[in-house]
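Thanks for coming. I will go through one protein chain today, piece by piece, with the display behind me.

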Amino acid sequence: MNVTANAAAIAQAVRSGQTSARSVALAALDRIAVRDGAILAVNTVLTERALSAADAVDAAVARGEDPGPLAGVPIGVKALFDVAGIPTTAGAAMRVDADPAREDAVLLQRLTAAGAVPVAVLNMDEYAYGFVTVNAHFGTTRNPHDTARLAGGSSGGSAAAVAAGMLPLSWGSDTNGSIRVPASLCGVWGFRPAHGSVPEEGSFPFVPMLDTLGPFTNTLEDMMLAMEVVSGRPMAPMAAGRVARLDGWFVDHAIADFEPAFAAIGGGLGALPMVHLPQVEAARAAAFFITGHDGGRLHREELASRPLAFDPETRDRLLAGNLVPTPLRDRAAVFGAWFRAQALALLEQYDVLVAPATPDVAPLIADPMIHTGHGPAPARANLGMLAQPISLAGLPVLSAPIRREGALPLGLQLIGAPGREGQLFDLAARLEAAGVLGVTAPQM
């Protein structure tokens, strides 16, 4: 079976004996060998482990056992996930020779228990501090839709591997938008689970107050399947009848290319009301303070003892973060609790809030600037300006690719309340059926 098939189809074929997990794993390894040289999404290929895991799935099928809902599905994980037997680099050159992980991250354990086959460890910004996946040691991950452009970050390798057809399912992390940004720029589905709703044990932290782990896929069906596996429960059907668009910051800082999608959503659902989430700019600033403070303190000892071992771009941001006073960080956290309450109050009136995921399309690697309401701005710090405030509220967000044939990808944030994730998938499915959302494969 072609590895570009979706995860659900692969699993069905493997479980029924129509194809073998080993043949799927070999196809994924071949696809990486052919395509990754132009993309640089993969840091480590797990050939031996992939074939061993695939053989175990095939043996289970031969015994008449069900290997699980992800039987034989090749997957990749961001380099901050523990993978037993290899160092967890978190994208840092200084960690290449660290002690190997003793066991897989809990989330990876759940995926492999469901039959998934780990094939690759994927590129990221060093220590997840950035929105571009420009890594001084492991290289710059390129956008499969135009390899002269950035893939976004910090989970850029995870998004690009799926967009390029190397893997049907990958996992990344999202602190301030690190799933939503590359999903938008690479034109795939991405999901930021509600903060604290999926296990994070065995993943290298960045900002524990904001961190969460989530998947990338080429289909909405695969996204639901992946989340059901790691949550251990079905995604309950839940109609989304009340939908609104976030105004102000989310309109002022997005290019006009988003407007046809919003017009189509309004045309299909009826009038799409504009609603206001207060103090969004302050929420972004609060997330910056918390990120800088907590990220800087996490790496404080190594910044003092071996600063030159860091990627220069990451080092400078971590050093600046260490200058954020703790009382200011604590004030930002108190504000964050207030902001979350405002968002949840709005979600009592509406089922889903919709906003752009990024201000602009993928910027050029040679000229990493984007357009915002304030004019041109550096991509590394500003690609997440529409995602970052939502992170502070800790809400579940589905990053949904707008169907844009012949154009660079853009994505929408479908934002909901914790426990009502089914409404995000309901709305996404209806908009996909209407032709508003959906993945457009790159011409590679």
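The buried residues of helix H10 pack against helix H8 (249-252), helix H11 (300-305), helix H12 (312-321), helix H13, helix H14 (379-382) and helix H15 (388-393). Helices here are DSSP runs of H or I with at least four residues, strands are runs of E with at least two, and both are numbered from the N terminus. Contact means heavy atoms within 4.5 Å. Buried is under 20% relative accessible area, exposed is over 50%, and partly exposed is in between, with a 1.4 Å probe and protein chains only.

Before going on, some notes on the source. This is a predicted model, in which local features need pLDDT of at least 70 and side-chain atom pairs count only at pLDDT 80 or more, while totals for chains, interfaces and linings use all residues. Residues are numbered from 1 along each chain as its sequence is written, and side-chain values use heavy atoms, with hydrogens and water left out.

Back to H10. The helix covers residues 280-298, which is 19 residues, and from first C-alpha to last it reaches 27 Å, close to the 27 Å expected at 1.5 Å a residue. That expected span is 1.5 Å times one less than the number of residues. Its buried residues include Val280, Ala283, Arg284, His293 and Asp294.

Which residues does Phe335 contact, leaving aside its neighbours within four places in sequence? They are Gln279, Ala282, Ala283, Ala286 and Leu392. Phe335 and Ala283 are 52 residues apart along the chain, and their C-alpha atoms are separated by 7.6 Å.

Now the whole chain. It has 16 helices and 17 strands. Its radius of gyration is 20 Å, close to the 22 Å that the globule rule gives for 444 residues, so the chain is as compact as a globular protein of that length. The radius is taken over C-alpha atoms, and the rule is 2.2 Å times the number of residues to the power 0.38. Along the principal axes, the C-alpha atoms fill a box of roughly 60 × 60 × 40 Å. Of the 444 residues, 59% count as buried. Among contacts with a separation of 6 or more, 76% come from residues 24 or more positions apart.

Next, the sheet. It is open, has eleven strands with mixed pairing, and runs in the order S1-S3-S2-S8-S10-S9-S16-S17-S13-S11-S12. The edge strands are S1 (42-45) and S12 (274-275), each pairing on one side only. Two strands pair if DSSP finds at least two bridges between them. Strand S9 (residues 189-192) and strand S16 (residues 397-401) run antiparallel and are joined by three bridges. Phe191 has Leu398 as its bridge partner in S16.

Strand S11 (residues 243-246) is covered on both faces: Val243 and Arg245 on one side, and Ala244 and Leu246 on the other, are all buried. In a regular strand the side chains alternate between the two faces of the sheet. S11 pairs with strand S13 (residues 352-356) in the parallel sense over three bridges, and Val243 has Val352 as its partner there. Two bridges join S11 to S12, and these strands also run parallel; here the partner of Arg245 is Met274.

On to helix H3 (residues 47-62). H3 has 16 residues and reaches 22 Å from first C-alpha to last, close to the expected 22 Å. Ala50, Leu51, Ala54, Val57, Asp58 and Ala60 are buried in H3. The buried residues of H3 pack against helix H1 (7-16), helix H2 (21-39) and strand S3. Just after H3, Gly64 takes a positive phi of about 85°.

Last, some backbone details. Leu40, in the loop between H2 and S1, has a phi near 60°, a positive value in a residue other than glycine. Leu40 is partly exposed, with a relative accessible area of 33%. Thr133 also has a positive phi, near 55°, and lies in the loop between S3 and strand S4 (134-135). Is Thr133 buried or exposed? Thr133 counts as buried, at 0% relative accessibility. The peptide bond from Gly153 to Ser154 is cis, with omega near 10°. Ser154 lies in the loop between strand S7 (146-150) and helix H5.
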